[in-house]
Structure formats: C-alpha cells, structure tokens
Amino acid sequence: MAYDYEYFKKAVLDLTKIDLSAYKEKQMKRRIDTLISKNKITGYDNYVAALKKDTRLFDEFVNYLTINVSEFYRNPEQWQIMDKEIFPELIKKFGKNLKIWSAACSTGDEPYSLVMALSRHLPLEQIKIHATDIDKQVIAKAKTGLYAEKSIASVPDDLKKKYFTKIGPSYQISNDIKARVEFKEHNLLKDTYPTDCHLIVCRNVLIYFTEEAKEEVFRKFQKNIKPGGFLFIGSTEQIINYKEIGFVRKNSFFYGKE
C-alpha cells in the first residue's frame, strides 16, 4: 500500500502539478482514500486512470484535495487589529497604493473581506487585492460571489448592508467589491511569488503542509514582503523560528519585516 501511494503521489504531480509530498501524509491519505471509496473505485491505479478520463472526477479531486474552509472576517478580533493598527501603519509608511496579496484565497471570502476592511481607510477605486488559489473551481466560485448566510455572519453590519444583496437563502457580494480583486491560479509550492508586497495574507492553509514545506513558504513570503510590510497568518498557525526567517512578531498573527 505504501508503494501504491508513492506511485499515486507521482501520478498526481504529473496530472495536477500538486505535490502531495508537501502535505502531512496520514491526514491527506485518509482524505484521498475516503474520496476513492465514495466513488466506488478500487486501488490508486484505477483511480488515476479514471482521473485521466473523467473531467468531473478530476475537478472533484482537485477541489477535495485543496481544503476549502473559509468565511468572511474569520476571527473578528484579528480583523480589528488589522483595522486599528495594520492598515493605518501601512498607509502611513507606503501611501495609498498598497500591494496586498491574499494567498490561498479559497472562495474569495478573505480578499473580499480585505477590500471591505480597507474601504474604511481608502476610496474603493484605490484598492487592489491580488488573490490566488491552486483550485480553479474555488476561484470560479469566488468570482461568482454568492455566499451562505453563515459565511458572512462576522461581517460588520454596516458593511453587510452596504455590500451584500439577499438572493433567496444566499447573499451576493456587490460588483463594486468584486471589481477590486484580481483572481489567479497559483501553486504556493511551485509558482513564482508576487514581489514587493506591503501585506500578505495566508491563513489556515499551511497547517496541512509538512514542517519543511511550511518553512519554505514562510521564507518566500518574507523575501517578497517589502521592509515595513506584514504577513497575516491564521489562528491555527505560528512561525516558531520567525526571527531566524527574518520576521519580527507584532502579535500572535501578524509578523513584520524590518
């Protein structure tokens, strides 16, 4: 079985450019085995053959593989720090044309939250967020901008009223907010990073990576943040060797580059 999974990892890398070796094996293998079993397929070799032939299966696999749990203003107290401390500091240092990258942005909740939060400090037309994810399906969903009530529960009431329209049981985000985000496909483990960022937001994604892959990503983030800029990570994460990487810790979830 170990050999089978090794073969499977190589096949997936060829097919999707996603390197499963960078993910915690036990956790990822369990997820994949569940999916294979759900599709009533026996063995990794048969599943690979099916992925090559069946577009629906292939899309389902990539979507399942890239764990998408997202919501607007996740951990609201951290967004208050962003509003009261981080944005004012960045605007003071760098002016109004901030380069912000929302990495592994999932269904768009995070980049859209960034636009809304920043709209308290800058006119919308001066805001531009670069948002990337490995999964083209979630990017398509992000561009549609339709969300369940639960997803937008933490959005401040005034922004909810201003930028969302209720459509049946769902909520549609306004085109004014959508226009401020540029979405692209991007693989954190393989692709070139945007340079000279003032703020990088990457939250609750790297917990699924191995320690080696995690460190590699954090080092690349540090390299591509402008001195004086910040990295915002998730409440489930920490950078243990942040000093060695070249970060200073502003608080538990915000790391600066001197």
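Leaving aside its neighbours within four places in sequence, which residues is Thr-144 in contact with?

Author: The model is predicted, and what follows should be read with that in mind. Beyond the neighbours within four places in sequence, Thr-144 is in contact with Gln-172 and Lys-178. Thr-144 itself belongs to helix H7, which covers residues 136–144. Its relative accessibility is 43%, so Thr-144 counts as partly exposed.

Strand E5 is part of an open sheet of 3 strands, in the order E3-E5-E4, with antiparallel pairing. Strand E3 (146–148) and strand E4 (164–167) are the edge strands, and each of them pairs on one side only. From one strand to the next, the twist averages 35°.

Phe-94 is 50 residues from Thr-144 in sequence, and the C-alpha atoms of the two are 32 Å apart in space. Phe-94 falls within helix H5, residues 76–94. The rest of this answer turns to that helix and its surroundings.

The sheet to look at here is an open one of 7 strands, ordered E6-E2-E1-E7-E8-E10-E9, with mixed pairing. Its edge strands are E6 and E9, each pairing on one side only. Helix H5 packs on this sheet and touches E1, E7, E8 and E10, with a direction at about 170° to that of E8. Another helix, H10 (residues 211–224), lies across E1, E7 and E8 and runs at about 140° to E8. Strand E8, residues 225–233, runs parallel to E7, and 5 bridges join the two. Across from Ile-225 in E8 stands Cys-197.

Side chains of opposite charge can pair when their charged atoms come close. In the model as a whole, the count comes to 16 salt bridges. One of them is formed by Glu-85 and Lys-250, with the closest N and O atoms 4.0 Å apart. Glu-85 lies in H5, while Lys-250 lies in the loop between strand E9 (248–249) and strand E10 (254–256), so that this pair links distant parts of the chain, 165 residues apart. Both partners count as partly exposed: Glu-85 has a relative accessible area of 38%, and Lys-250 has a relative accessibility of 34%.

A further salt bridge stays inside the helix. Lys-93 and Glu-89 meet at 2.9 Å, N to O. The two are 4 residues apart in H5, which means that about one helical turn separates them. Lys-93 is partly exposed at 41% relative accessibility, and Glu-89 is partly exposed at 25%. Glu-89 also meets Lys-250 in a salt bridge, at 3.2 Å from N to O. This pair, too, links H5 with the loop between E9 and E10, its members being 161 residues apart. Through shared partners, Glu-85, Glu-89, Lys-93 and Lys-250 are joined into one network of salt bridges.

A pair of aromatic rings is described by the distance of the centres and the angle of the planes. The count for the model is 18 aromatic pairs. In one of them, Trp-101 and Tyr-193 are edge-to-face, 5.2 Å centre to centre, with 75° between the planes. Trp-101 lies in strand E1 (residues 100–102) and Tyr-193 in the loop between strand E6 (181–185) and strand E7 (197–202), so the pair ties together parts 92 residues apart in sequence. Trp-101 is buried, at 0% relative accessibility, and Tyr-193 is buried as well, with a relative accessible area of 5%.

Other aromatic residues form a cluster: ring pairs link Tyr-5, Phe-8, Tyr-44, Tyr-47 and Phe-61. Over the ring of Tyr-5 sits the charged end of Lys-29, 5.9 Å from the ring centre.

Technical notes: Residues are numbered from 1 along each chain as its sequence is written. This is a predicted model: local features need pLDDT of at least 70, side-chain atom pairs count only at pLDDT 80 or more; totals for chains, interfaces and linings use all residues. Side-chain values use heavy atoms; hydrogens and water are left out. Two strands pair if DSSP finds at least two bridges between them. Axes are lines fitted to C-alpha atoms, for helices over the stretch in contact, and angles run from 0 to 180 degrees between N-to-C directions. A salt bridge is a side-chain nitrogen of Lys or Arg within 4 Å of a carboxyl oxygen of Asp or Glu. Buried means under 20% relative accessible area, exposed over 50%, partly exposed in between (1.4 Å probe, protein chains only). Rings of Phe, Tyr and Trp (its six-membered ring) pair if their centres lie within 6.5 Å; planes under 30 degrees apart count as stacked, over 60 as edge-to-face and the rest as tilted. A charge sits over a ring if NZ of Lys or CZ of Arg is within 6 Å of the ring centre and within 35 degrees of the ring normal. Contact means heavy atoms within 4.5 Å.
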